[in-house]
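Reader: I am new to this structure and would like to learn how to read it. Could we go through its features one by one?

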Amino acid sequence: GLLALSWIGLSWQQRTRSWTTPKSSRRTAPCSPPSGGTRILRGRTQMFRSPKRISDTGLVNGSLKSGRFTCVDLAVVADATKFVAHPSLQDILTDRWTGDLDDDTPAWKIILNIMFPFLMYFGFLDFENEEVGKTKSYFNAFYRTTVVKFWIRMMAYVAFLMLYVDVSIHDMPPMVTWQEVLLFIWVCTMVLDEGRQIARTNFREWVQDGWNQMDFVMIVFYMTSVGFRFSDVIVSKQFMGLGGIIFFLRLLNACSINEDLGPLLIMIRKMVIDIILFLFILFVAMIGFGVAYQAIVYPHGKEDWADTIQTMITWPYFQIYGELFLEDLTAAEDGRTVSSLSPLLLALYMIISNVLLLNLLIAMLSDTYSKVKENSMELWRSQRYESIVEAE
C-alpha cells in the first residue's frame, strides 16, 4: 500500500510538471533534490537489497518510520503476510529473538543456564558475538536476550499455575493463608501488566486481541472468587475452577512461537469459528425436535417450566452422543403418553444430527484445514513477529 501510494504520488507529480512546464524549460531545468516521497519509495524498494544491518535498522528499528509505527508494524496492521513472511525479515527477527546467542541453541540449555547461571562461564553456551566474554559480560549478553526473557516468564507462569492449583484443590480455612495472599499479589501484577499494554498501544487495539480477552475473563473470574471468599466458599471455588481453565489455556500462547505448534494454533482458531457456525445450525434443530418431543410425550404439559426447558434442551443434545432416552419416550409414566410418533421422530432426528450435520462439520473442518495449511507458515511468521515484540 505504501509503495502504491508513493508511486501514484510520483506519477502525478511528474505529470503535473509536464503540463505546467514548457518544453524548452524542461530540457534546461536544473535537477532538484529528491522529494520525501521519492526517498521513501527508494528506501522501500532497496530495503531487502541492503546489507543485513541496514535492513534491520530500516524495517524493525525504525529509521524509515511513519509516525510511531515501523514498516513491519504497518505491514502487520495491513495483514501483509507475504511481506512479514519474507526470509530476510525472518532472519532479522531471528537475530532479535536470539540476540548474542547462537541461533541453534536448544531450549533445555537456556533453561539450565537460567537455573544455574555459573554454567555459562564454563562454555556451556555458544555465543555468536565475539565480544562476549571480552568487552561484554556473559551475564548481560545472556539475560538481555529476548528468548531468555521469554523462558523466564514461562518458568514464572508455570510456578504461578502450580500455586493456583494448590489454592484451588485444597480447602479454604476461615483465615487467609499465605498461598492465597501470594496468589492475589501475583494476579494483581498481571492486572498491572495488562494496564501497561493498554497504555503502550490503546484500548481498541488491546481489546481486539484474543489473548487479551482471555486475560480479562480469567482475571474477572479470579476476582469474583476472591469476592465470595468469606461469604460462600462453594461459589468461590466454582469461579476459581472456571478461571483455572482459562489460566491453563493461556499457556498455549507460549506455543505460538514454536514453528510446529504455532500453525496448529492458527488452524484451531479458524476451526473454532466453523464450530460456532455449526452449533447455531445444531441448536435450531435441537430446539425444533425438543419442542416436538415435549408436545408428543407430554400432551398435557408440565407444571414446572424450568424442567420443561431443561428437557427440551438435554434430550436432543445427549441423543447426539448415544443417550436416546428410550424409556422416557416409550413408557407411559409420570404423565407421559406413549405415541408411535416418538420412535419415528427419534429416528429422523438421529439421521439429521448424526449423519447430515456431523458430516457437515467434518467437511467444514477439513476445508478449513486445507485452506489454512497452504498459508499456515506465512500466517505463523506474521504472528511470530507479534510474539517477539511482546516478549521484548
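Author: We can begin with contacts along the chain. Among contacts between residues at least 6 apart in sequence, 68% join residues at least 24 apart. Keep in mind that this is a predicted model.

Reader: How many helices and how many strands are there in the protein?

Author: Counting runs of secondary structure gives 18 helices and zero strands.

Reader: What share of the residues count as buried?

Author: A residue is called buried when its relative accessible area is under 20%. In this protein, 32% of the 392 residues count as buried.

Reader: How should I read salt bridges, and how many salt bridges does the count come to?

Author: Look for a side-chain nitrogen of Lys or Arg within 4 Å of a carboxyl oxygen of Asp or Glu. By this rule the count is four salt bridges. One of them joins R229 to E180, with 2.7 Å between the closest N and O atoms. R229 is in the loop between α13 (210–227) and α14 (233–249), while E180 belongs to helix α11 (residues 178–200), so this pair ties together parts that are 49 residues apart in sequence.

Reader: Are R229 and E180 buried or exposed?

Author: Both R229 and E180 are buried.

Reader: Which residue forms a salt bridge with R196?

Author: The partner of R196 is D193, and the closest N and O atoms of this salt bridge are 2.7 Å apart. R196 and D193 are three residues apart in helix α11, so about one helical turn separates them. R196 has 40% relative accessibility and counts as partly exposed. D193, at 30%, also counts as partly exposed.

Reader: Where do D367 and K371 lie?

Author: Helix α18 (residues 341–391) holds both, four residues apart, which is about one turn of the helix. D367 and K371 form a salt bridge, with the closest N and O atoms 3.3 Å apart. D367 is partly exposed at a relative accessible area of 39%. K371 has 53% relative accessibility and counts as exposed, because the cut-off for that word is over 50%.

Reader: Which residues form a nonpolar patch on the surface?

Author: Here one reads side chains as a group. The patch is formed by V176, V181, F184, I185, V191, M223, V226 and F230, which together have about 650 Å² of accessible area. The elements that give two or more residues to the patch are α11 and α13. α11 gives the most, with four residues.

Reader: Where is the place of V176?

Author: V176 is in the loop between α10 (146–169) and α11. At 39% relative accessibility, V176 counts as partly exposed.

Reader: Take a single residue as a last case. Is G290 buried or exposed?

Author: G290 is buried, with a relative accessible area of 1%; the cut-off for buried is under 20%. G290 is found in helix α15 (residues 261–297).

Reader: Which residues is G290 in contact with, leaving aside its neighbours within four places in sequence?

Author: With those neighbours left aside, G290 is in contact with M312 and P316. A distance can be read here as well: the C-alpha atoms of G290 and Q310 are separated by 9.7 Å, and these two residues are 20 residues apart along the chain.

Conventions: Residues are numbered from 1 along each chain as its sequence is written. This is a predicted model: local features need pLDDT of at least 70, side-chain atom pairs count only at pLDDT 80 or more; totals for chains, interfaces and linings use all residues. Side-chain values use heavy atoms; hydrogens and water are left out. Buried means under 20% relative accessible area, exposed over 50%, partly exposed in between (1.4 Å probe, protein chains only). Patches are made of residues with over 30% relative accessible area and no salt bridge: like charges are joined within 9 Å, nonpolar side chains (Val, Leu, Ile, Met, Phe, Trp, Tyr) within 5 Å. Accessible areas come from the Shrake-Rupley method with a 1.4 Å probe; for residues, only the protein chains shown count as cover. Contact means heavy atoms within 4.5 Å.
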